[in-house]
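Have the model open alongside as you read.

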Amino acid sequence: MSVRTTFERRQNRIAYAFVAPATLLIVLIYLAPMAMVALTSFTDYTLVSDYWEWVGFDNYRQMLADPAVSNAVRNTFVYAALFLPGAFIIPLLLAIAIQERKQFRSILELVYFLPVTSTLAAMALVWAGLMDSRQGVINAALGWFGLGPLNFLGDPGTVLFALAGISLWSVIGFNMVLFLAGLTAIPRSLYEAAAIDGADHPVDQFFRVTWPMLAPTSVFVAVTSSITAFKLFDTVAILTKGKPDHASEVFLYLTFLEGFEYFNMGYASALSVVFLGVIFIFAAVQTFWADRQTHS
Amino acid sequence: MARLTLSDIHKSFGSTEVLKGISLDVANGEFLSLVGSSGCGKSTLLRIISGLETPDRGTIEIDGKAMTALAPKARGVAMVFQDYALYPHMTVAQNMAMPLIMARLPFHARLPGMKWLTPHLAPLRAEMAGQVEQVAQQLHIDHLLERRPAQLSGGQRQRVALGRALVRNPTLFLMDEPLSNLDAKLRVKVRTEIVDLHRASGLTFVYVTHDQVEAMTMSDRVALLQAGTLLQVAPPATLYAEPQSIDVAKFIGSPEINLLPVCAEPEGLRLGATLLPLSHGFKPGTDLIVGLRPEALRLSAPGLAQLRPAEGPELQLDMVQASIEDLGSEIVVHGAVAALPDIALRIRAQKSLQSGVHKIALPERLSLHAPMATAVIFDINGKRLDPQSVARRQEALA
């Protein structure tokens, strides 16, 4: 009995020793900074003053009343509403279309995936050139149809559309590859069984087999795309800086402004904690769903 | 109820010719097994019958109606897949209702959410649920209707697959190795259930398997397929006792049939250097292959069942034994012809009821006898020689 417990104790010690380095890294890289941000959010700490004190929930209270925050939240949701349907439906349709092709399948996959491999910061500048109100190709094309010119990035009415369009371009290939992987995992025999059962019409096939079998992939794509939508930052920082008239000031860009332009670290931390909370909800949905899938 | 007629079915995948002209008739209510080793084309043939594949050439008829160009759903066939192909996201009831929904609900009513927008179809939906329930009871799975496939055992999934096939009232029932995913004990049980189902339903069954035991025990007739051609189509007993070629003889029967290459001489058959004294009636100099089933070789030894004296001419053979497998009621002895070590020999001998726990010990050299009446004789190309002409020649000599 005692021999066994000492053996087990030694086994446990070895196990802890093995996980210690990884645990340390996780604490240092993820948990400690998150805790620091959470703590800072309860202070009035700024980068320009050595003096700071605990202010409790003041920063959070201020947030509720801040018109800049409600503007940023509204912009973020409008942007997400423009971006998400496209980021989900276009890749799904592309994946189904490409999946059925024998010829050129890999070339098409490559072409659609290329934007994912490019640096978005650099490609954003290319897009800015294309969308330019005077020399841009897109406005030239609109001109042929007697439309425009539109100042895509300079008009409060179009700037979120333009940003959503650039993000779509960059994410379609990635989501398409995810959907392709999901489609490939559906056993062929299910479609054959469906054909024998009478479901050989493409619409029936889609609703009876493809769509339900794709559910886990769809949830994953929806959740990751939502997270991508809410953390929109780089194209805003490079192309519009929140302009015109705060029309492209999204939540994360406002957080950045508060922290690194106005040096209100306490307030920026509070904004970050809220952002983290929203992302956490999405991650929880994803995990909960994945759990349900594997246990059923 | 259906009679299936295949004529001259050809199919190639790329440059590989999988089916080389298959013609086959399956009678109404018959249970026909398509058997062959993997890659022989049996599954492709089944898929062509179901309509999942189209033949390059040849026609399929069911009850005299041309089916070759019809979609699977229009053929009135049901199919059970090797992996069952149940829809994992649907309950058992939904799985089984699928063929009914597809056949009887109009297109717009099958779209998602339309159940609530088409209340006038509720009686039809209820009727279909009733049909599912009825088939489920017949298969004793009515308590599983609300479960999903992942929550079922292999045997239960198998039954759901059968149920989904039955519910549509098929004329022809196709099965693609439906037992291969079950463990050995369950396999025997489901085997009898399928045979019972066949008997009760009176439907025409085409059953694909690589397992000769399944084919032999379940079928009215067995079609043996090899490399895309039908070797022989016959009732199981005929296939075993009267194989038309060496390939058939080798495939059917376990352990494998013994094949002795002999040369006819005036005084008997020459096997290597030894002469087996026997009156045979073949022209001297003819090369023959004598096929003897392992249980046709007779061996006398302590512990083995007593042999009754054989009738007719007997072939006498010496064997060097290498190993003995004790199967409980019988033993299988492996070894080789004493005169020709390259020619393997297998004997199956019944143990005597008194042998009890005693281990059967056999000397290294055994003397075997085989009545020539049990031998199947092939020409050098592997084609079976007409047994009647062989018998006539033997009689003439005697």
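Predicted model: local features only at pLDDT ≥ 70, side-chain atom pairs only at ≥ 80, totals over all residues.

Zooming out, chain B as a whole has ten helices and 19 strands. Its C-alpha trace spans about 90 × 50 × 35 Å along the principal axes. Of the 398 residues in chain B, 50% are buried. Among contacts in chain B with a separation of 6 or more, 66% come from residues 24 or more positions apart.

Now for the helix pair. Two packed helices are described by the angle between their axes and the distance between the axes. The axes of helix 2 and helix 5 of chain B come within 7 Å and cross at roughly 30°. Angles under 35 degrees count as roughly parallel, so helix 2 of chain B is roughly parallel to helix 5 of chain B. Helix 2 of chain B passes helix 5 of chain B in a right-handed crossing.

Who touches whom?

| Helix of chain B | Residues | Residues in the contact |
|---|---|---|
| helix 2 | 92–104 | Val92(B), Asn95(B), Met96(B), Pro99(B) |
| helix 5 | 154–166 | Val160(B), Gly163(B), Arg164(B) |

By class, this contact between helix 2 and helix 5 of chain B involves four nonpolar, two polar and one charged residues.

Technical notes:
Residues numbered from 1 in each chain as written. Chains lettered and ligands numbered in written order. Heavy atoms only, no water. Axes fitted to C-alpha atoms, helices over the stretch in contact; angles between N-to-C directions. Helix = DSSP H or I, 4+ residues; strand = E, 2+ residues; numbered from the N terminus. Parallel < 35°, antiparallel > 145°, perpendicular 65-115°, else oblique. Left-handed = near helix turned anticlockwise from the far one by under 90°. Contact = heavy atoms within 4.5 Å. Nonpolar A, V, L, I, M, F, W, Y, C, P; charged D, E, K, R; others polar. Buried < 20%, exposed > 50% of the residue type's maximum accessible area, 1.4 Å probe, protein only.
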